[in-house]
Amino acid sequence: DPRHQSTRVSVCLQPQQGSALAVNPRPCAFTSVHLDATDEAKRVKQLCQALVVSKEMYGCTDLIICGDMNTDFAPGTAVARFDSLTAKPTEEELVEECRAALRLDSSDMPMEEEEGGNQKSASAAASAQCEVEKEGLEGGEGVAEKEKDNANQTPSVEQLDQWRALHKEAMLAVRERRVRLERAPTGPTRSGYGYGATAGPCVSFKLDHFLFSGSSLRLHTLWETLEADRESEMAGLPNMKCPSDHLPIGAAFERKAVETVEPSRVKEIEAAVEAVEASQSEALASLSRQMEGEAAALPQSENTNEGEKGKGKGKAKGKPSPEMVAHLQRRRRLEKELKGQQKGERERLVQGLSVLELELVDALVGAAEGGSVLLRKAAKGQAPATVWVEHGPARQYTHKR
C-alpha cells in the first residue's frame with residue numbers, strides 16, 4: 001500500500017513442499033513496521049492494520065510483525081495487549097502508563113533505574129526522547145518545560161476511560177482475527193541521553209521487537225543487543241562501531257505442526273452450538289406465534305369496530321387502537337427480554353474458548369441455516385462468532401433477504 005510504504009511493508013510466503021518448513025503448509029505473513037514515535041493510539045492503529053493485511057488480504061493467521069515499534073511493551077501500555085503472554089495490567093500500571101503517555105509524569109531528567117535495572121516509564125521516556133530528537137534541542141527544551149508544568153498530574157476519569165478503550169481495541173483486534181501473538185524477549189536496541197537531558201549518562205531503551213504467532217511458530221534463537229555491548233550502551237548510538245541510532249534485531253523461528261481441536265471436543269462444540277440454535281430459534285418463533293395470535297383478537301385501529309374486523313381488502317387504516325398500541329409495546333418488551341437472555345447464553349458458550357475453538361464456531365455459524373444473511377450484519381473486522389453472539393441465532397434469518 002503506497003500510503004504506508006514508509007511505515008509498513010508486508011509479504012506473504014508459502015512453505016516449499018518437502019522442505020522443513022512444510023511441517024506446517026499454511027502461508028505465513030511477514031510485516032516490517034516503523035510505529036509512531038509519540039502517539040500510543042497511532043501505534044495501536046498501525047499494529048491493527050498489520051493484522052488486517054495478514055488476515056484479510058493474505059488470509060493468514062500465521063504471522064511475524066517486527067521492526068522499530070518505539071515502545072517497550074510495558075504492562076499498562078495498550079500495545080502490550082497484543083502480546084498474549086503479557087499479564088493483565090494492574091490499575092496502578094494502567095494509571096502510570098496513561099499518565100506517561102499524556103506527558104503528565106514529573107520527570108524531565110535522565111531516567112533513573114529502579115531495582116533490577118528496569119527503567120520507570122520507559123515507554124514514555126522512549127517516545128519523549130524521539131520527540132526531542134525530532135524537534136531538535138530547542139524544541140526538546142520546550143517539551144521539557146511543558147513536562148514541568150504537568151508535574152505530578154493524575155489522568156482524569158475521561159482520559160482513563162479513553163486509555164481503557166484503547167486497550168480494548170488492541171485486544172479485540174487480536175481476538176477477532178483469531179491470532180495468538182507472542183513477543184520475543186529482545187534486549188535494548190537504543191541508547192542516548194535521557195529525556196530532556198543535554199549530557200550523559202546515556203539511557204538504553206527496548207524499542208525494536210518481534211511479534212509472532214505462538215500457535216504456529218517457536219522462537220529458536222535471538223541476536224544479542226546492547227546487553228552484549230556495554231561500550232555502545234555507555235557511549236550511546238550512533239557511534240564509531242554502529243552508524244545507526246538503533247541496533248538491528250534478528251531471530252530464527254521453527255514452524256510448529258498445524259494445531260487442531262480434538263475430535264471429541266469438536267463434537268462437543270458442534271452439539272452445543274446446534275442446541276443453542278435450535279432452542280433459541282424455536283423460542284423466538286413461539287413468542288412470535290403467541291403475539292400474532294393475541295393481536296388477531298384485538299381491534300386493529302380506532303375506526304375499526306367489532307363488526308368490521310376481517311371485512312374488506314387490505315389492512316385496516318387509521319390510528320392503531322389503544323389495545324393494539326399496548327400489545328405492540330408488550331411484544332417489543334418481551335422480545336427484547338428474550339433476546340437479551342439468549343445473547344447471554346451465546347456469550348457463555350463462547351467465553352473461554354481457545355483461538356482454534358473460536359475458529360470452529362466461526363465455521364459453524366457461516367455454514368448454519370441463515371448464517372449467510374446473519375453475517376451481513378457484521379461490523380468491519382468482526383468474526384462470525386462475534387456476529388452470532390450479537391445478533392443470533394442464525395436460523396431466525398432463514399427466510400430474510
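**Salt bridges in the predicted model**

Glu182 and Arg180 pair up through their side chains in a salt bridge, with N and O 2.9 Å apart; the term covers a side-chain nitrogen of Lys or Arg within 4 Å of a carboxyl oxygen of Asp or Glu. Glu182 is buried at a relative accessible area of 15%, while Arg180, at 30%, counts as partly exposed (buried is under 20% relative accessible area, exposed over 50%, partly exposed in between, with a 1.4 Å probe and protein chains only). The model is a predicted one, so local features need pLDDT of at least 70 and side-chain atom pairs count only at pLDDT 80 or more, whereas totals for chains, interfaces and linings use all residues. Residues are numbered from 1 along each chain as its sequence is written, and side-chain values use heavy atoms, with hydrogens and water left out.

By the salt-bridge rule, the count comes to 21. One of them links Glu96 to Arg99, with the closest N and O atoms 2.7 Å apart. Both residues sit in helix α2 (residues 91–101), 3 residues apart, or about one turn of the helix; helices here are DSSP runs of H or I with at least four residues, strands are runs of E with at least two, and numbering goes from the N terminus. Glu96 and Arg99 are both buried.

Glu274 and Arg395 form another salt bridge, at 2.6 Å between the closest N and O atoms. Glu274 belongs to helix α6 (residues 263–296) and Arg395 to the segment after α10 (384–391), so this pair ties together parts 121 residues apart in sequence. Glu274 is partly exposed at 40% relative accessible area, and Arg395 is partly exposed at 26%. Elsewhere, salt bridges with shared partners join Arg26, Asp62 and Arg255 into one network.
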